[in-house]
Amino acid sequence: AAEEGFDIEDVEGAIEAAGHGPLPVLAVVGRPNVGKSTLVNRMIGRREAVVEDRPGVTRDRVTYEAEWAGRRFKVVDTGGWEQDVLGIDASVAAQAEYAIEAADAVVFVVDAKVGATDTDEAVVRLLRKAGKPVVLCANKVDGPSGEADAAYLWNLGLGEPHPVSALHGRGTGDMLDAVLEALPDAPEQSFGTAIGGPRRIALIGRPNVGKSSLLNKVAGEERVVVNELAGTTRDPVDEIIELGGKTWKFVDTAGIRKRVHLQQGADYYASLRTAAAVEKAEVAVILLDASENISVQDQRIVTMAVEAGRAIVLAFNKWDTLDEERRYYLEREIETELGQVAWAPRVNVSARTGRHMEKLVPAIETALAGWETRVPTGRLNAFLGELVSAHPHPIRGGKQPRILFGTQAGTKPPRFVLFASGFIEAGYRRFIERRLREEFGFEGTPIHISVRVRE
Ligand code: GDP
Ligand code: GDP
């Protein structure tokens, strides 16, 4: 590498940065208006989050990437919850339950000026039950005079309250240090089959596409009692289901079975649930209603799974209702609306009739295989060498940027780092991704490609 003009440390650093596995997940929970969104904004260091949003406005992103002291993690923000739908207590609890479920650690935000309310106490009970590490954030301590308010929160029995002003930044550094201590190095849902647990599937899709029908169909008679299965922890929100001769863990089936129907805030609730399920899963089976047009909501769910870097299977349900004409238009629609996952295996099923249920498992296995594919460095560079000489990057400003070498830094999903002699244009990056897929498969998986340019 050194003779190509890259410092060996640069190369190693780039590979390490690109090769990280799944990030640990931090949930930020608390009552409305305690300052959760303000705090999340501070953690992600951007202004793109949520404080501006009006209550009830749908947000499709609830997970953000954050970094503190060189460590990266994901933040699940619950600030957009519509508070007056179920009554504050119930909605805060439901929201917190979902977020805590998906998290490796929790920041519990309390308004120190107000002190602990009954709702706060309810969340404390949930936190105790969940047993996840908790950092107690006593927010709105804008100056030294507020410290005494913060100290009162020792009463919650969650350990040291960290006095913070999310608005001004006071104390947030110390609190984030505590967060890093609470977060595991590797997420608890550590990937891979080394521990021998069943593979984890998230069955996702907008309301009424047929998720609970499909779940009932696949669970059928064959549902295995979780307790009886060695090596699986009992988790009432997930279901162990035998399918195609193998055992799978369908995550967050409680969210599907509960079927909470809300007028306001339902979309937000659904996207929080989806995000939580996707975080826990290795593969997302995205269910779509083949009888209806592909909607923006469908696309958001697809984007969520892609951004989370999960293996993906597209399942078109209600196939029993399709006539010839609809089938024709559906194919056109899939091409135009679902281009971003053109690589995902697809099954056309009917939860009602059981049509093609047997194709689900092979599709899932294909996607997981793509997700785990590792290309040896030698083979990758032979491929890159041929590609670059047959299809060089267009000349820009009299220079021709070249891909010098590359390596696969990680899997699940596959991550590549390419080292180049100059800026590589987006079109050429897409071309490389397309050719990588043609050459090595990667069916059913997003792939990440980062390019380092020699200084
Ligand atoms: P969320 O509903 O928990 O997400 O709360 P927000 O982040 O939307 O904050 C609610 C209100 O409290 C907003 O007006 C914020 O500006 C304000 N706020 C948040 N953090 C602080 C803080 O540390 N000090 C003060 N004084 N106000 C804050
Ligand atoms: P969920 O909200 O995604 O869990 O959707 P449900 O499973 O509750 O299904 C919504 C509606 O679609 C129900 O009326 C189901 O009976 C119907 N449905 C589900 N799957 C199929 C299918 O394969 N064919 C037909 N014709 N209807 C279906």
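This is a predicted model: local features need pLDDT of at least 70, side-chain atom pairs count only at pLDDT 80 or more; totals for chains, interfaces and linings use all residues.
Residues are numbered from 1 along each chain as its sequence is written, and chains are lettered from A and ligands numbered from 1 in the order in which they are written.

Let us start with the whole chain. It has 14 helices and 15 strands; helices (H or I, at least four residues) and strands (E, at least two) are DSSP runs, numbered from the N terminus. Of the 455 residues in the chain, 42% are buried. Here a residue is buried if 20 or more other C-beta atoms lie within 10 Å of its own, exposed if 12 or fewer, and partly exposed in between, with C-beta atoms placed from the backbone. Among contacts between residues at least 6 apart in sequence, 73% join residues at least 24 apart. A contact means that two C-beta atoms, placed from the backbone, lie within 7 Å.

Back to α2. Because 8 of its 9 residues are buried, α2 is largely enclosed by the rest of the structure. The buried ones are K36, S37, T38, L39, V40, N41, R42 and M43. Their cover includes β1 (25-29), β2, β3 (71-77), β4, β5 and α6. G45 itself sits in the loop between α2 (36-44) and β2 (63-68), and it counts as exposed because it has 11 C-beta neighbours inside 10 Å. The C-alpha atom of G45 is separated by 9.9 Å from that of W68, 23 residues apart along the chain.

One of the elements covering α2 is β5, and this strand deserves a stop of its own. In β5 (residues 134-139), 6 of the 6 residues are buried, so the strand is largely enclosed by the rest of the structure. In a regular strand the side chains alternate between the two faces of the sheet. In β5, V134, L136 and A138 point one way and V135, C137 and N139 the other way, all of them buried. Strand β4 (residues 105-111) runs parallel to β5 and is joined to it by 6 bridges; strands pair if DSSP finds at least two bridges between them. Within this pair, V107 stands opposite V135.

Helix α4 (residues 118-130) has 13 residues and reaches 19 Å from its first C-alpha to its last, close to the 18 Å expected at 1.5 Å a residue; the expected span is 1.5 Å times one less than the number of residues. In α4, T119, D120, V123 and L127 are buried. Seen down the axis of α4, these buried residues fall within an arc of 100 degrees, so they line one face of the helix. The arc is that of the directions from the helix axis to the C-beta atoms. An α-helix has 3.6 residues a turn, so residues three or four places apart point the same way. The face of α4 turned away from the buried side carries the exposed residues D118, E121, R125, R128 and K129. After α4 comes G131, with a positive phi near 70 degrees.

The number of buried residues in α11 is 1, so it lies largely in the open. In the loop between β11 (311-317) and α11 (324-337) we find K318, which has a positive phi of about 65 degrees although it is not a glycine. K318 counts as buried because it has 23 C-beta neighbours inside 10 Å.

F442, in the loop between α14 (426-440) and β15 (448-453), has a positive phi near 60 degrees. A cis peptide bond, with omega about 0 degrees, joins K412 and P413.

Finally, turn to ligand 2. Its shell holds 16 residues, and the closest are G210, K211, S212, S213 and R352; a residue is near a molecule if its C-beta atom, placed from the backbone, lies within 6 Å of it. Helix α7 (residues 211-219) gives the most to this shell, with 3 residues. By class, the shell has 4 nonpolar, 8 polar and 4 charged residues. Ala, Val, Leu, Ile, Met, Phe, Trp, Tyr, Cys and Pro count as nonpolar, Asp, Glu, Lys and Arg as charged, and the others, Gly among them, as polar.
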